[in-house]
Amino acid sequence: MRRKLAAGNWKMNGLSAALSEVEALKAAHPAALVDILICPPATLVSSAAQATPGSPIAIGGQDCHQNQNGAHTGDLSAQMFADCGATAVILGHSERREDHEESSEIVRAKARAAHAAGLVSVICMGESLAQREAANTLDIIAGQLSASIPDDCTGENLVIAYEPIWAIGTGLVPSLDQIGEVHDFIRARLERRFGAGVGRSVRLLYGGSVKPDNAADIFRVSNVDGALVGGASLKQGDFTPIIRALEDSI
Ligand code: 13P
């Protein structure tokens with residue numbers, strides 16, 4: 001039985017005052033029935049982790065370098081995130097694939113580094129609008145799956161987020177059938193590659209314009225084990241109804 005996961009990606013948003021949102025989440029969900037993960041900017045990871053010990057809220061990074069240390073000015077290693085209290089890291093978000101020209105091969109190397117540091121990798125993938133309109137979605141996902149996911153994956157250290165690029169921050173959401181088609185496809189590919197045990201235990205999140213008013217419908221789709229939420233994770237008042245919708249879907 002996969003435990004559901006509500007993950008928030010704050011992206012490049014949040015100064016120290018935003019830690020009050022983490023405190024508010026902690027107060028609103030003292031005994032959550034689902035896992036909750038907040039990935040604030042790297043500057044807040046340590047203080048967010050210190051604010052949530054023993055709570056159902058885990059803290060994660062939004063990216064890490066593939067090396068453990070060295071001459072990589074401005075970069076942060078997986079070990080550094082683990083050292084300051086993170087338990088997970090988002091990797092291969094489309095904004096990083098685009099803004100930083102990250103290839104799936106780099107994402108795979110980063111995931112290996114994350115796993116070696118004891119972090120859960122939340123590996124993102126998804127098609128552009130042009131790719132969807134050309135009916136290439138499943139081919140794109142297949143390619144990203146085989147190239148971005150390392151061989152050392154387990155149900156404990158890997159979470160996959162399907163995030164269609166055209167749905168991120170746009171208010172556009174694929175139909176429930178479209179979400180289900182991709183999630184079923186990812187599940188089948190994972191089972192084929194890793195076997196039924198691991199393949200069935202990896203959690204699959206949907207991401208892209210998840211809001212309080214569409215979350216319950218999305219959480220009813222097969223093989224959707226939760227969500228990776230951007231804008232609606234910034235405020236506890238928006239994220240809490242999404243977390244509750246996920247709890248209600250159990
Ligand atoms: P939005 O929820 O703001 O569309 O962002 C989704 C996302 O990119 C999460 O990683």
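1. The shell around the ligand comprises four nonpolar, seven polar and two charged residues. In this classification Ala, Val, Leu, Ile, Met, Phe, Trp, Tyr, Cys and Pro count as nonpolar, Asp, Glu, Lys and Arg as charged, and the others, Gly among them, as polar. The ligand is surrounded by 13 residues, of which the closest are Lys11, His93, Gly169, Ser209 and Gly231; a residue is near a molecule if one of its heavy atoms lies within 4 Å of it.

2. This is a predicted model, in which local features need pLDDT of at least 70 and side-chain atom pairs count only at pLDDT 80 or more, while totals for chains, interfaces and linings use all residues. Residues are numbered from 1 along each chain as its sequence is written, and side-chain values use heavy atoms, with hydrogens and water left out.

3. A polar side-chain atom of Lys11 lies 2.8 Å from a ligand oxygen. From the backbone, an N or O atom of Gly230 is 2.9 Å from an oxygen atom of the ligand, and a polar atom of Gly231 is also 2.9 Å from a ligand oxygen.

4. Arg2 and Asp225 form a salt bridge, their closest N and O atoms lying 3.0 Å apart; the term denotes a side-chain nitrogen of Lys or Arg within 4 Å of a carboxyl oxygen of Asp or Glu. In the whole structure, 16 salt bridges are found.

Terms used: A polar contact is a pair of N or O atoms within 3.5 Å; within protein, one must be able to donate a hydrogen and the other to accept it, and residues adjacent in sequence count only if both atoms are side-chain atoms.
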